[in-house]
Structures are given as C-alpha cells and as structure tokens.
Amino acid sequence: MRSSRLLSILLLLQTRRQLTARELADELEVSLRTIYRDVDALAAAGVPVYADQGRAGGYRLVQGYRTRLTGLNEQEAAALFLVGLPGAAAALGLTEQTSAAELKLLAALAPDQRDRAGRLKNRFHLDLPAWYQDAETSPYLAQVADAVLHDRRIRVLYRRWEAPREVERVLEPYGLVLKNGSWYVVSATANGMRTYRVSSILELTPTEEEFERSEGFDLAGFWQEHLDQFDQVRFTGQTVVRVSARLAAKMHDVSFPLLVKAVAAAEPAEDGSVTVTVPIESIPNAAAAFCRFGDAVEVLEPPELRAELAALAHTLLGVYQS
C-alpha cells in the first residue's frame with residue numbers, strides 16, 4: 001500500500017511539477033503527517049525531491065528528472081479504455097484504476113505533450129444519458145463487469161417484460177454496452193447469445209466457474225445486429241401524417257427522431273406542409289406520440305390510428321369540460 005502511494009506521489013510531482021503537502025494529502029486521501037513521512041522516504045531513496053518555502057511553495061522534483069516507473073498493471077491497462085469517461089468508470093468500479101492509469105500515461109509524456117493532454121481533458125466532456133432522464137442505477141453492475149473481465153459465469157434473478165416476469169438465468173457475460181445511460185450485458189446462454197438490461201437484475205450470485213469465449217466474437221458487430229433486429233420487431237406498421245408548415249419549420253426543436261428524419265427527407269407542398277410516412281410500434285403507442293402535437297400533425301392513415309386519436313381527444317374533452 002505504501003509503495004503504491006510513494007509511486008503516486010512521484011508521478012503526481014512529475015506530471016504537475018509542484019504540489020503542496022495539503023494538495024498531496026487531499027489527492028491521496030491521507031494525513032499531512034503521512035505525506036511528510038512519504039516525502040522523506042522518497043528523498044532517502046535517492047529521489048531528488050525538495051520543498052520550496054513560502055506561500056507559493058510546495059514539493060518539486062529537480063528540473064529534468066523523470067522516473068520510468070510507469071508500467072501499468074492488468075486492471076489499469078484495462079481501465080485505459082475508460083479514461084475520459086469518469087461516470088462509466090465509477091459505475092464499473094474502476095475509478096481508482098482509471099485514475100492510476102491516467103496518471104501513469106501523463107507521467108510518460110513529454111511536458112509539451114502532457115500540457116496538450118491536459119487541455120484536451122479540460123475542454124471536452126462526454127455526457128451519455130439523454131435529456132430529461134437520469135442514468136439508471138444498476139447495483140450489480142460492478143459484479144457483472146468483474147465477471148466480464150474474468151470470463152466467469154453468474155447466476156441472476158432477472159425481471160423481464162413478459163410472463164413469467166421473474167426468471168433465473170445462468171449467464172456467460174461476453175461484454176457490456178452503455179446506451180443512453182443504460183447498461184446492457186451481452187451473454188451466452190443455453191439458448192444462444194442474449195442481451196440483458198443490467199438494471200433489471202434483481203439478484204446476482206457470482207461463481208468461480210470460468211467459461212470459454214467463442215473465438216472471433218465481435219461485441220460492436222453483435223450489438224449493431226441486435227439493434228437492427230430490435231427495430232424490425234419493434235415497428236409493426238406505419239402511418240402517413242401531414243406536418244403543418246408551422247411545425248415543419250421547427251423540426252430542429254422536436255424530440256421525435258423518426259418524424260424529424262422523415263420530414264428532413266421530404267419535399268414540402270406549396271403551403272409549406274409536409275406529408276411523410278413514419279414507422280410505428282402500435283396504434284396506442286403512435287396515438288400517444290402524435291397527440292402531443294395537436295393540430296400541427298394530422299394522421300391520414302391508417303384509419304385505426306385516426307379513430308384512436310379521435311377517441312383520445314373525446315376522452316380529454318370530457319375530462320376538461322366536466
């Protein structure tokens with residue numbers, strides 16, 4: 001533990017040039033007394049560290065000194081893929097490894113390269129969840145991630161949409177995918193490759209049983225195929241709608257991707273309105289989606305959807321006129 005902390009102090013001083021004892025203590029979450037002892041230990045070991053006195057002072061390394069002790073351990077190397085994604089790293093339980101990997105990477109860079117890396121980090125930020133919703137809470141995510149990294153089976157109690165709602169499964173987790181703030185685990189099962197939402201895992205029991213991964217499995221390729229198949233199953237029909245000129249001119253503000261895409265590809269009529277065909281999941285789902293636009297969107301086909309919207313409008317009229 002102490003050797004790791006000594007190395008962290010050395011790398012911090014190498015990457016940040018000067019730090020006070022308080023800054024080091026806060027960074028490493030230890031006491032000031034511990035920092036003083038550790039710096040003395042580094043000096044005794046021959047590391048050219050010295051202290052500048054005064055208000056602007058702090059610990060520094062002799063100019064030009066650079067350590068080569070920047071080797072990454074296995075977990076830190078794996079965590080490199082999450083550098084720049086602190087939220088994802090924290091969710092997977094890899095915050096400490098990611099921070100250590102990033103620090104070692106910075107220490108291995110020349111000063112000008114390190115400055116550029118720091119500028120990039122402070123100027124770009126990735127926020128994954130969509131607007132109007134928070135990232136899902138997945139209490140078993142770290143355990144799933146550990147099973148993915150070590151090719152170990154897990155036993156889960158899973159809540160699904162269809163009956164029976166709660167089912168037990170033995171999973172061989174091949175990989176994790178983060179989409180719109182939700183984590184999904186892609187697993188081999190007795191019935192082939194399946195995708196499970198991690199937040200729907202009710203109970204998880206880790207095992208020491210290792211499994212053998214299929215050679216050549218492509219996680220990104222499988223996920224894209226899964227999305228394509230999901231869309232084919234999800235869309236059961238289509239509707240023809242007329243979008244008013246008023247709404248067509250403001251499609252950049254509309255949070256309905258299918259409608260926005262269709263309008264963007266269509267030619268407007270003389271009055272500025274646009275008639276487009278849009279895939280739908282079901283009649284009730286489409287009615288709920290289109291009713292929010294009021295008279296700015298008129299459904300032309302199918303008649304079942306027109307009837308559903310009329311019934312919905314009648315119900316709302318009864319509520320607000322009573």
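Colleague: Why is Glu208 called exposed?

Modeller: Its relative accessibility is 67%. Exposed means over 50% relative accessible area, buried means under 20%, and partly exposed lies in between (1.4 Å probe, protein chains only). Glu208 therefore counts as exposed.

Colleague: What kind of model is this, and what is counted?

Modeller: This is a predicted model, where local features need pLDDT of at least 70, side-chain atom pairs count only at pLDDT 80 or more, and totals for chains, interfaces and linings use all residues. Residues are numbered from 1 along each chain as its sequence is written, and side-chain values use heavy atoms, with hydrogens and water left out.

Colleague: What makes Glu208 and Arg152 a salt bridge?

Modeller: Their side chains meet at 3.7 Å, N to O. A salt bridge needs a side-chain nitrogen of Lys or Arg within 4 Å of a carboxyl oxygen of Asp or Glu, so this pair qualifies. Glu208 lies in strand 8 (residues 201-210) and Arg152 in strand 4 (residues 152-159), so the pair ties together parts that are 56 residues apart in sequence. Strands are DSSP runs of E, at least two residues; helices are runs of H or I, at least four; both are numbered from the N terminus.

Colleague: How many salt bridges does the structure hold?

Modeller: Twelve. One of them joins Asp26 and Arg22 at 3.4 Å, N to O.

Colleague: Why are Asp26 and Arg22 separated by about one helical turn?

Modeller: Because they are four residues apart in helix 2 (residues 21-28). Asp26 has 49% relative accessibility, so it is partly exposed. Arg22, at 43%, is partly exposed too.

Colleague: How do you know that Arg60 and Asp52 form a salt bridge?

Modeller: The N to O distance is 3.8 Å, which is within the cut-off. Arg60 is partly exposed at 28%. Asp52 is partly exposed at 31%.

Colleague: Which residues make the nonpolar surface patch?

Modeller: Leu316, Val319 and Tyr320, covering about 350 Å². Patch residues have over 30% relative accessible area and no salt bridge; like charges are joined within 9 Å, and nonpolar side chains (Val, Leu, Ile, Met, Phe, Trp, Tyr) within 5 Å. Leu316, in helix 13 (residues 303-321), has 42% relative accessibility, so it passes the area cut-off.

Note on methods:
Areas by Shrake-Rupley, 256 points an atom, 1.4 Å probe, with all protein chains shown as cover.
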